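Let's walk through a couple of features together, one question at a time. Have the coordinates open as you read.

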Amino acid sequence: MIAIGCFTEIQFAAINEGRAAMELHLLEQNEILFMGRHLYASRSKDGYQIDDIVKQIMSALCDDAIAHLGCRT
């Protein structure tokens, strides 16, 4: 696990608003931690290739990325 950046203030607030709405604990630190092994294992199992995973990471780290929180079934 390695720290790779921070959310924008707007992203951080939106994430915590979503977490509060789902009655989850709020994030205390505005830091993005990367767990490469977990990401690779979960995405490759779903059929993603390395290039797809890299594109997903780049998209998620954009300053204008929007948080989408929801329940997985």
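**Reading a side chain and a helix pair**

A: Before we start, keep in mind that this is a predicted model. Our first stop is Gln 11, which sits in helix H1 (residues 9-21).

Q: Does Gln 11 count as buried or exposed?
A: The general idea is that buried means under 20% relative accessible area. Gln 11 comes out at 9% relative accessibility, so it counts as buried.

Q: Which backbone atoms does the side chain of Gln 11 reach?
A: For a polar contact, look for a pair of N or O atoms within 3.5 Å. Here the Gln 11 side chain gets to the backbone nitrogen of Thr 8 at 2.8 Å, and to the backbone oxygen of Cys 62 at 3.1 Å.

Q: On to the helix pair: how do the axes of H2 and H3 cross?
A: Take helix H2 (residues 36-45) and helix H3 (residues 50-60): their axes come within 10 Å and cross at roughly 120°. That angle is why H2 is called oblique to H3. As for handedness, H2 goes past H3 in a right-handed crossing.

Q: Which residues meet where H2 and H3 touch?
A: From H2 you have Leu 39, Tyr 40 and Arg 43, and they meet Ile 50, Ile 53, Gln 56 and Ile 57 of H3. Sorted by type, the residues of this H2 contact with H3 are five nonpolar, one polar and one charged.

Conventions
Residues are numbered from 1 along each chain as its sequence is written. This is a predicted model: local features need pLDDT of at least 70, side-chain atom pairs count only at pLDDT 80 or more; totals for chains, interfaces and linings use all residues. Side-chain values use heavy atoms; hydrogens and water are left out. Axes are lines fitted to C-alpha atoms, for helices over the stretch in contact, and angles run from 0 to 180 degrees between N-to-C directions. Helices (H or I, at least four residues) and strands (E, at least two) are DSSP runs, numbered from the N terminus. Angles under 35 degrees count as roughly parallel, over 145 as roughly antiparallel, 65 to 115 as roughly perpendicular and the rest as oblique. A crossing is left-handed if the near helix is turned anticlockwise from the far one by less than a right angle, and right-handed if clockwise. Contact means heavy atoms within 4.5 Å. Ala, Val, Leu, Ile, Met, Phe, Trp, Tyr, Cys and Pro count as nonpolar, Asp, Glu, Lys and Arg as charged, and the others, Gly among them, as polar. Buried means under 20% relative accessible area, exposed over 50%, partly exposed in between (1.4 Å probe, protein chains only). A polar contact is a pair of N or O atoms within 3.5 Å; within protein, one must be able to donate a hydrogen and the other to accept it, and residues adjacent in sequence count only if both atoms are side-chain atoms.
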